[in-house]
Amino acid sequence: MLILSASFTSLAYLIVSLLQGYSIFSKAKTAHLKTKVLSIALVAIVAHIHILSSQLWTSQGIILNIPNIISIASFCLVCIITLSSLHKPVINLFVFFFPIAAISVLSTTIWNSDSPAQNLGLGLISHIIISIIAYSTLMISAVQAGFLWTQNHQLKHNINGKLSQVLPSLQSMERLLFDLILLGFLFLTLSILTGVLFRGFIELTSPEFMQKMIFTVIAWCIYLALLIGHLVLGWRGVMASKLTITGFIFILIAIIGTKLLFN
């Protein structure tokens, strides 16, 4: 039954991407088509919630394996982009991000291993979920920074590439980037605070946690400097893209590097 729900959700995500792609290349930018795209996107998101609730929660506890974390991350991705499209002209990004969600939903349902449920406390579960949202948001901001960097390069060298025709305007992309960075920064701050509050003393003083915390705090400082620099000094464009990607590299080192070193 779950595989049927996943197939339906993936299909809905793909239809959204295809319809928006049709809107771009056929120049059929009508309000009716946008409403249809957003409506199907909402259906896909609601269906994704059902899948997440079925995969994550059991009577024995919560299952937080890699497939489920990927599913949560893709859910955060489409929610952020969909909400942003309601008040910013960035709906063309559906073409890039919704197929990722479609693939992740279907693949994580098919290859979801029989991992044991963990009976974790509410505080620790909150910390884990907040951390996933923070990392997902900052991952999207890093991808967004890559798009923005490419747009700046094409504009500077008078290159009229296909990507520039599909992506929203440079101004819209830049506003979305800083919205994503601010949101990711806030969740990252909550992740650090809840990690200190809800993890046991032994885990807090372990070398693995200390190394992860050091690189996470470095990333936090980079994002803070970027937000202040943008507000006070007007940092933007390539400068903002470089710092965004650098901050996410430290996030990756905190997550993946620590695992590789201590496992």
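Of the 263 residues of the protein, 46% count as buried, where buried means under 20% relative accessible area, exposed over 50% and partly exposed in between, using a 1.4 Å probe and protein chains only. The model is a predicted one, in which local features need pLDDT of at least 70 and side-chain atom pairs count only at pLDDT 80 or more, while totals for chains, interfaces and linings use all residues. Residues are numbered from 1 along each chain as its sequence is written, and side-chain values use heavy atoms, with hydrogens and water left out.

The protein has ten helices and two strands; these are DSSP runs numbered from the N terminus, with helices (H or I) of at least four residues and strands (E) of at least two. Along the sequence, the elements come in the order α-α-β-β-α-α-α-α-α-α-α-α. A contact is a pair of heavy atoms within 4.5 Å. Among contacts between residues at least 6 apart in sequence, 79% join residues at least 24 apart.

Five aromatic pairs are found in the whole structure; rings of Phe, Tyr and Trp (its six-membered ring) pair if their centres lie within 6.5 Å, and planes under 30 degrees apart count as stacked, over 60 as edge-to-face and the rest as tilted. Tyr13 and Phe98 form an edge-to-face pair, 5.5 Å centre to centre with 75 degrees between the planes. This pair links distant parts of the chain, with Tyr13 in helix 1 and Phe98 in helix 4, 85 residues apart. Tyr13 counts as buried at 0% relative accessibility, and Phe98 is buried with a relative accessible area of 0%. Together with Phe94, Tyr13 and Phe98 form one aromatic cluster.

On the outside, Leu4 of helix 1 is exposed, with a relative accessible area of 59%.
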